[in-house]
Amino acid sequence: MRSFPLAIAPAAAILAAALLAPPARAQECGMPLRYYEHAPRVADIDAPPVREALEAGNYDEVARLARARLDAGALERQASAYELRAGRKFNEEEVRVALAAAVIRTRGAQGLAAPVSAKLSPKRAEAARTRNMERARQVLQQELQRASGDPVVATLLGEAHAALGNHELAAAVLEDLAAADLIVSPEGWAALARARASAGDNAGAALAHQRCAAAARDLGVCSDDPVVARS
């Protein structure tokens, strides 16, 4: 596992760097693609603009840019069916995770395939936001299996559980990360604070809130009712 020095760099920049670091490009050469069970990756997704938006905390822009680089409709279908496979392009998994982060950080106002329509009634819009967060959580669950417990993806999964009100599941993910000091974002500490408070651990919640406040650029993310990220 990697550790992420929160005191050295802003949390959003750490998250972006960890999500979108260029992967290795080793592959065999000279063989026709039909000989591969899984065809080798032969193209890149243009990740830097997604990284820059993520570092800036501009999650609406992250979602817009990520959807433009992915087959977002297929991503949503595969995620909901738990059939998400490895990407066919370099950086594809990382951009998927960035998109899922944007969905969670906007409280479902953004979706994997599209933002929530302003034409929906309040009741239907709320249902759409919940569905969007559930789909984002499914992406993170499947990517975490592939990423072998990566703390960046795990922290986001803990956030997703908390955002959906599943505080026991959030604690199950985040407490292990906290014990190893591997929660990589203030939002992750805020989710842990809410999970601990839900379990009646007020002292532990206060400690997690302190860690959130120490890392956050905007203290609104540390509140009991987190502020939706700016666009």
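User: Which residues in H2 meet which residues in H3?

Analyst: Keep in mind that this is a predicted model. To read a helix pair, look at which side chains face each other. Here Pro-49, Val-50, Ala-53 and Leu-54 in H2 meet Tyr-59, Glu-61, Val-62, Leu-65, Ala-66 and Arg-69 in H3. Those contact residues split into eight nonpolar, no polar and two charged.

User: And how do the axes of H2 and H3 cross?

Analyst: Check the angle. H2 covers residues 48-55 and H3 covers residues 59-69; their axes come within 8 Å and cross at roughly 165°. Angles over 145 degrees count as roughly antiparallel, so H2 and H3 are roughly antiparallel to each other. Their crossing is left-handed.

User: What should I look for in a nonpolar core?

Analyst: In soluble globular proteins, nonpolar side chains tend to be buried together. In this model, the largest nonpolar core has 57 residues, and Val-62, Leu-99 and Leu-140 have the most contacts inside it. Helix H5 (residues 92-105) gives the largest share of this core, nine residues.

User: What is Val-62 in contact with?

Analyst: Skip the neighbours within four places in sequence, and you find Val-50, Ala-53, Leu-54, Ala-98 and Ala-102.

User: Is Cys-212 buried or exposed?

Analyst: Look at the relative accessible area: under 20% means buried. Cys-212 has 0%, so Cys-212 is buried. You'll find Cys-212 in helix H10, residues 202-215.

User: What does Cys-212 touch, not counting residues up to four places away in sequence?

Analyst: Cys-212 touches Pro-186, Trp-189, Ala-190, Val-221 and Cys-222. Take Ala-190: Cys-212 and Ala-190 sit 22 residues apart in sequence, with 5.8 Å from C-alpha to C-alpha.

Key: Residues are numbered from 1 along each chain as its sequence is written. This is a predicted model: local features need pLDDT of at least 70, side-chain atom pairs count only at pLDDT 80 or more; totals for chains, interfaces and linings use all residues. Side-chain values use heavy atoms; hydrogens and water are left out. Axes are lines fitted to C-alpha atoms, for helices over the stretch in contact, and angles run from 0 to 180 degrees between N-to-C directions. Helices (H or I, at least four residues) and strands (E, at least two) are DSSP runs, numbered from the N terminus. Angles under 35 degrees count as roughly parallel, over 145 as roughly antiparallel, 65 to 115 as roughly perpendicular and the rest as oblique. A crossing is left-handed if the near helix is turned anticlockwise from the far one by less than a right angle, and right-handed if clockwise. Contact means heavy atoms within 4.5 Å. Ala, Val, Leu, Ile, Met, Phe, Trp, Tyr, Cys and Pro count as nonpolar, Asp, Glu, Lys and Arg as charged, and the others, Gly among them, as polar. A nonpolar core is a set of buried Ala, Val, Leu, Ile, Met, Phe, Trp, Tyr and Cys residues joined through side-chain atoms within 4.5 Å. Buried means under 20% relative accessible area, exposed over 50%, partly exposed in between (1.4 Å probe, protein chains only).
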